[in-house]
Amino acid sequence: MSTARLRTFLAVARHASFSAGARAIGLSQPTATTQIQGLEREFNVELFHRRGRRIELTAVGRALLPIAQQMSMLESEATNLLRDSGQLNRGQLKVGAVGPFHVIEMVDLYRRDYPQIDVSIHIGNSASVLADLENYVTDVGVLAGLHDDPAFVAQLYARHPVILFAHIDHPFARNAEVRLQALQGQPLLRREQGSTTRVALERELDKADVTPRIAMEIGSREALREAAIRGIGIGVVSEAEYIADPRLKAIRISGDPVCTETYLYYLAERRSSQVIASFLRSLAQ
């Protein structure tokens, strides 16, 4: 079986189009179509359903996709190894993350050590970051919190205290820090369901038997800041993600009882990957 045909299959599947897939790997559409047809004839299978201009993977195509993705990644790593004698003089590192705050710092550190490596960043939610790792779209994932899955290796990168922020006219703004109990009955701007900051805060509030008044539930950091600026309530954010504003005051929670954690993830079966190992080494310095 030709690896060139598998590469063509992967490109067409990713783009859901013969023409777009062909362009992505520098082929003409007729050549890509011929390669896919050759693969189908060789094994007497159908990989795509053709519905006019639309194409969809068949059951066999869907089963082949993750295998082709893995073979493509292994081929890329083998090429890098042979071409550069393991010195990482060239190559690619693809990082997935749930937000830009920590990953930009990481990539900056990595590029200083390995300037020859091309780095790209994919931003998404936790589910998409893990799915991209599983499908070999990315090499490393940066996530808040620990996800218990034996398919992945998780490595703690940093712990960050969770802080409050409020309008400068709010009574809390007179202090550098307040006790967690001070949130009793206070108007709180709550993050969306599933937010690691929300989970960490609510866990500690429950332990302390403290019940704030929920002023609003907000699903983005930008909207959260705007609501606090307008005096609607008190915002909560990881200290590493707080953006200063003259209209706001950052306030620590005494003793830093609430923290979030940032983890690095990669597939367990890719422990031997040189580019992943180089990323981990760079961050460990």
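A pocket is here an open set of grid points, with protein on both sides within 12 Å along at least five of seven lines, where lining residues have an atom within 4 Å of a point. In this predicted model, the second largest pocket holds about 720 Å³ of space.

**Second largest pocket**
- Of the 37 residues that line the second largest pocket, V98, A144, S195, T196 and R221 are the closest to its centre.
- Two or more lining residues come from each of α5 (100-113), β5 (140-144), α7 (196-208), α8 (221-229) and β12 (259-267), and α7 gives the most, with five residues.
- By class, the lining of this pocket comprises twelve nonpolar, 18 polar and seven charged residues.

**Salt bridges**
- The count of salt bridges comes to 20, among them the pair R54 and E56, with an N to O distance of 2.7 Å.
- D139 and R270 meet at 3.0 Å, N to O; D139 lies in the loop between α6 (126-134) and β5, and R270 in the loop between β12 and α9 (274-284), so the pair ties together parts that are 131 residues apart in sequence.
- D139 counts as buried at 2% relative accessibility, and R270 counts as buried at 6%.
- R159 in strand β6 and E261 in strand β12 tie together parts that are 102 residues apart in sequence, with their closest N and O atoms 2.6 Å apart.
- R159 is exposed, at 55% relative accessible area, whereas E261 is partly exposed, at 23%.

**Helix α1**
- Helix α1 (residues 3-15) reaches 18 Å from its first C-alpha to its last, close to the expected 18 Å.
- Its buried residues include L6, F9, L10 and A13, and the helix is followed by A16, whose phi is positive, near 50 degrees.

Notes. Residues are numbered from 1 along each chain as its sequence is written. This is a predicted model: local features need pLDDT of at least 70, side-chain atom pairs count only at pLDDT 80 or more; totals for chains, interfaces and linings use all residues. Side-chain values use heavy atoms; hydrogens and water are left out. Helices (H or I, at least four residues) and strands (E, at least two) are DSSP runs, numbered from the N terminus. The expected span of a helix is 1.5 Å times one less than its number of residues. Buried means under 20% relative accessible area, exposed over 50%, partly exposed in between (1.4 Å probe, protein chains only). On a 1 Å grid over the protein atoms alone, a cavity is a set of points where a 1.4 Å probe fits but cannot get out, and a pocket is an open set with protein on both sides within 12 Å along at least five of seven lines; lining residues have an atom within 4 Å of a point. Grid points are joined across faces, edges and corners, and a volume is the space filled by probe spheres set on the points. Ala, Val, Leu, Ile, Met, Phe, Trp, Tyr, Cys and Pro count as nonpolar, Asp, Glu, Lys and Arg as charged, and the others, Gly among them, as polar. A salt bridge is a side-chain nitrogen of Lys or Arg within 4 Å of a carboxyl oxygen of Asp or Glu.
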